[in-house]
Amino acid sequence: MIKLENISKTFNRGKANEVKAIEDLSLTISVQDYVVIVGANGSGKSTLLNLIAGSTLPGSGIIEIDNHPVTRLHDYQRSRWIARVFQNPLSGTAPDLSILDNFRLAALRTQSKGLRIGTNNVFKKEVQEKIALLDMGLENKLMQPMGTLSGGQRQALTLLMSVMDECKILLLDEPTAALDPRSARLVMETADKLIADFKLTAILITHNLKDAHTHGNRLIHMAEGKVIKDFSSEKKLNLTQNDLFEWFS
């Protein structure tokens, strides 16, 4: 469970360009909720995701994950719970390392680092089996540098890497924004399957209202750093895409 109580975040406080990104926001996200967040630019949705991830710390308020206080913990200190996929396909992977090496790093994400066997045949087979599920033909190209892949391929692999180590929460920060429609569909289908199979709690930020309507079991609309609409599973099912378009008309 993710719990935020009276969270506020102001950037450039006291300056001419002061921005109140989040204002006295309280929100509870239950275990295995798949929450989609929409909102115009500047609504605070990306800041909210950064606050949950720990890459931005709040000015005031309390954040808890699984009843653990994490308000002042940075992102690397929250990695025991959280994995994240960014908007830019170039983020989150090491381009000069092979696919296999990237997966090995992902498998050690929350573990202490030391001298040990890197990749063996058992691990290689495990990675091949996971990648084969994507049906992209990459399972036999494990030594190919990650940086030579297309954006869609990298995003799909990044999703798989997120569950190589213990993960309870998956943050999806506009993961298809830089992709072509076919790649975007593959990434979202992969995300949905992993969230369901691994029983993850997930948060998706998107500007794509079709995706907002199609994915997740809860829909949140943000504006001016606040939650202005919050639709649970049953209410979300009754929404149409036209309803969502009207929010931004």
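Hi everyone, let's start with two helices: helix 2 (residues 99–107) packs against helix 3 (residues 121–132) at an angle of about 100°, and their axes are 11 Å apart. Helices here are DSSP runs of H or I with at least four residues, strands are E runs of at least two, and both are numbered from the N terminus. The axes are lines fitted to C-alpha atoms, for helices over the stretch in contact, with angles from 0 to 180 degrees between N-to-C directions. That angle makes helix 2 roughly perpendicular to helix 3; the label covers 65 to 115 degrees, with under 35 roughly parallel, over 145 roughly antiparallel and the rest oblique.

A quick word on the source: this is a predicted model, where local features need pLDDT of at least 70 and side-chain atom pairs count only at pLDDT 80 or more, while totals for chains, interfaces and linings use all residues. Residues are numbered from 1 along each chain as its sequence is written, and side-chain values use heavy atoms, leaving out hydrogens and water.

So who touches whom? Helix 2 brings Ile 99, Leu 100, Phe 103, Arg 104 and Ala 107, and helix 3 brings Phe 123, Lys 124, Val 127 and Ile 131. Contact means heavy atoms within 4.5 Å.

Now keep an eye on Phe 103 and Ile 131. Both are among the residues with the most contacts inside the largest nonpolar core, which has 45 residues. Such a core is a set of buried Ala, Val, Leu, Ile, Met, Phe, Trp, Tyr and Cys residues joined through side-chain atoms within 4.5 Å. Which helix gives the most to this core? Helix 5 (residues 181–197) does, with six residues. Apart from this core lies another, of 25 residues, including Leu 51 and Ile 65.

Next stop, Thr 71, in the loop between strand 5 (68–69) and strand 6 (82–85). Is Thr 71 buried or exposed? Thr 71 counts as buried, because its relative accessibility is 12%; buried means under 20% relative accessible area, exposed over 50%, and partly exposed in between, using a 1.4 Å probe and protein chains only. Its side chain reaches the backbone nitrogen of Ile 63 at 2.9 Å.

Lys 3 lies in strand 1 (residues 2–11) and is partly exposed, at 28%.

Conventions
A polar contact is a pair of N or O atoms within 3.5 Å; within protein, one must be able to donate a hydrogen and the other to accept it, and residues adjacent in sequence count only if both atoms are side-chain atoms.
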